[in-house]
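Colleague: I'd like to learn how to read domain contacts and nonpolar cores. Could you walk me through them with an example?

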Amino acid sequence: MSTPVATTPALSRRLLGGAGTDRAAHLARYGAPPHLRLDDLLQAVTESGLTGRGGGGFPTATKVRAVAAGSRKPVVVGNAMEGEPLSSKDAVLLTHNPHLVLDGLEVLARAMHAKRAILAVGPEIDAGPVTAAARGRRLDVVPLEGGFIAGQETALVNQLDGGAAMPRDPFTRVTESGVGGRPTLVLNAETLAQVALVARYGAAWFRSAGTGDDPGTSLFTITGSVASPGVVEAERGSVLREVLAPAEPLRPAAVLVGGYHGAWVPVADLDVRLTGAELAPYHATVGAGILHVLDGGTCPLDFAADVVAYLAGESARQCGPCLNGLPRLATDLKRLAVGVRDPDLPSEVRRMSALVTGRGACAHPDGSARFVASTLDVFRGHVSAHLGGWCPSGRQPLRVGRAS
Amino acid sequence: MTTRLHVDWTRCDGHGSCVELLPRLLGVDDFGFPVPHSGERDPVVPRGEEDAARHAVRNCPLMALRMYDAAS
Amino acid sequence: MTHADLVSALWALGRGTGVVALVLFTVSLVLGIVARSGRAVPGLGRFGTSDLHRTAALTGTGLVAAHVGSLLFDPFAQLKVVDLVFPFLAAYRPLWLGLGTIALDLIGVVTVVSLLRHRVGPKVFKGVHWATYALWPTALLHALGSGTDAATVWFRAIAVVCISAVVTAVGWRLAPSYDGRGWTRHARRTA
């Protein structure tokens, strides 16, 4: 069942060493996909310690077990929506290694006797390679419309049920009732690829990379002020500076870890390890692996104001606090960025951030609030400066005037 | 076993009957939507408030409320 | 009490309950529009406003049951059980009575769905509830057409008050200043 270690993929090429759509080359590189019974698959995934690569970081085995415990035949969904503009790891994965992602989907669907296996693909991703790779496999590649929250678990299920990209009340868990009312397993495309690797090479091999608490490798999308933006594969728990190195950061002032719902790590702290424990003081998590480098010449408050305006526009507009609160946050951040000298702005922004947190059907307001709070914390120097009428990043024009 | 009050935010429209019936549990935010005083997502419903909470659940015009038993 | 007295009493009861039911449905409709706006009747509070809306409707429904019941037993009304469900078959003023039948059918559906709203869900409940806008004018026309008191001053006065109230409330409902709670819920447009 498990392939000899000598032929297993190298550390940096576990996921990125794919063969594209070439099925024969894929099989030569990774070996034949195993057919595993649910018990064996569950054991391997549990021992591997694999956690979700879509942002939630939830233990994959726990999710699989919950869905498999349902009374009806489940639906297995691969999430390749990649709604976050800064992220391109799923796009890269589906172009360079679609077969591995689909292997993961199939091994799970087979073991769980799933009624349906679906790969949901967002509009930013070229579905050509994965559609080609899906020929002859018992699964559906379903292209869906995009948007920041289109990949949110319940919003995705709602779309697959024929509805809009709008989240559902999380009281009913999709693991109990999802697509068509069936227990539904939603896993990120990269997580599926990792499952395919674990099924072939076993938990011990998987754990030979990464840390004890967070094993394996994962994909990181590096964007922003770097010479070579792109997607890299690195061990979990790596040092942030080392993960960024191949992209060659230019004049970094801070790194946004986790994308628009993430948090900042200032340049002085780039030697932090990308682990839950070391990122906790920054209120950051690895999330879906986005690392956005902000350079010293860009005003972080400007950047944040644009991000929050975007996030406000991406609200599903279902839930009152989010629908109303995010635009309020965007407006206040913009005022701070342009230099409105209202000393109440920071506290008002903090108040509104707290107000929207936990008061919506999904984590969109929570993540947005986290980003905002981190911005005010890490860049408190900029906040004071702007209130004093100048910008450390040299932002011009900075309106010099009384509060309005 | 504690009883908690859950707001279905996809349904809540800021009508406000619940805040009137459970003033010790819920306040109103800037936009008219209920905010638990405790800051929890699903606030605990104390023994003495259970009747009022049941009224609130039954009478929410959007049917956005439910009570449930949680382990803690 | 003689048989004639009893019949008279039933007739009076039948008409009285009908008129009061119409007034209560008017109250309920207006309060429903107030509640939907997210506002409250001063002094009642939001819960009180919705509660009164519901109570008025249910009381009106109860009175309609009494209205129909007493008329079933009143020999002058010539009402048969089939007339309660199928309109325009009645012996006496079939057109106007038929409207009453339709109104009764609508009351039945709206009441049942409203009582079961937690089971049928908000979309079904809301959809069926829209029927109340058809229910009220049907009931009004029925009262004006088949009510034997329709020509009296007091009934006309009541009718005018009810019609004014509903026209005002619906006019307000349609005006931009209504600005009801109810954030539009539609999926974001993708580019």
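Colleague: How many residues of domain 2 of chain A are in contact with domain 3 of chain A?

Modeller: Contact here is a matter of C-beta atoms, placed from the backbone, lying within 7 Å. By that rule, 10 residues of domain 2 of chain A meet 12 residues of domain 3 of chain A. Strand E8 (residues 263-266) of chain A, a DSSP run of at least two E residues, gives the most to the domain 2 side, with three residues. This is a predicted model, where local features need pLDDT of at least 70 and side-chain atom pairs 80 or more, while totals for chains, interfaces and linings use all residues. Residues are numbered from 1 along each chain as written, with chains lettered from A and ligands numbered from 1 in written order.

Colleague: Where do the domain bounds lie in chain A?

Modeller: An automatic or database assignment supplies them: domain 1 (5-206), domain 2 (217-295) and domain 3 (300-402). The centres of domain 2 and domain 3 of chain A, over C-alpha atoms, are 22 Å apart.

Colleague: Which residues touch the most other members of the largest nonpolar core?

Modeller: Nonpolar side chains tend to be buried together in soluble globular proteins. A core joins buried Ala, Val, Leu, Ile, Met, Phe, Trp, Tyr and Cys residues through C-beta atoms within 7 Å, buried meaning 20 or more other C-beta atoms within 10 Å. Among the 145 members, those residues are Val76(A), Val77(A), Val101(A), Leu108(A), Val308(A) and Leu333(A). Beyond four places in sequence, Val77(A) has contacts including Ile118(A), Leu156(A) and Val179(A).

Colleague: And between chains?

Modeller: 13 residues from chain B meet 12 residues from chain C.

Note on methods
Contact = placed C-beta atoms within 7 Å. Helix = DSSP H or I, 4+ residues; strand = E, 2+ residues; numbered from the N terminus. Buried ≥ 20, exposed ≤ 12 C-beta atoms within 10 Å, placed from the backbone.
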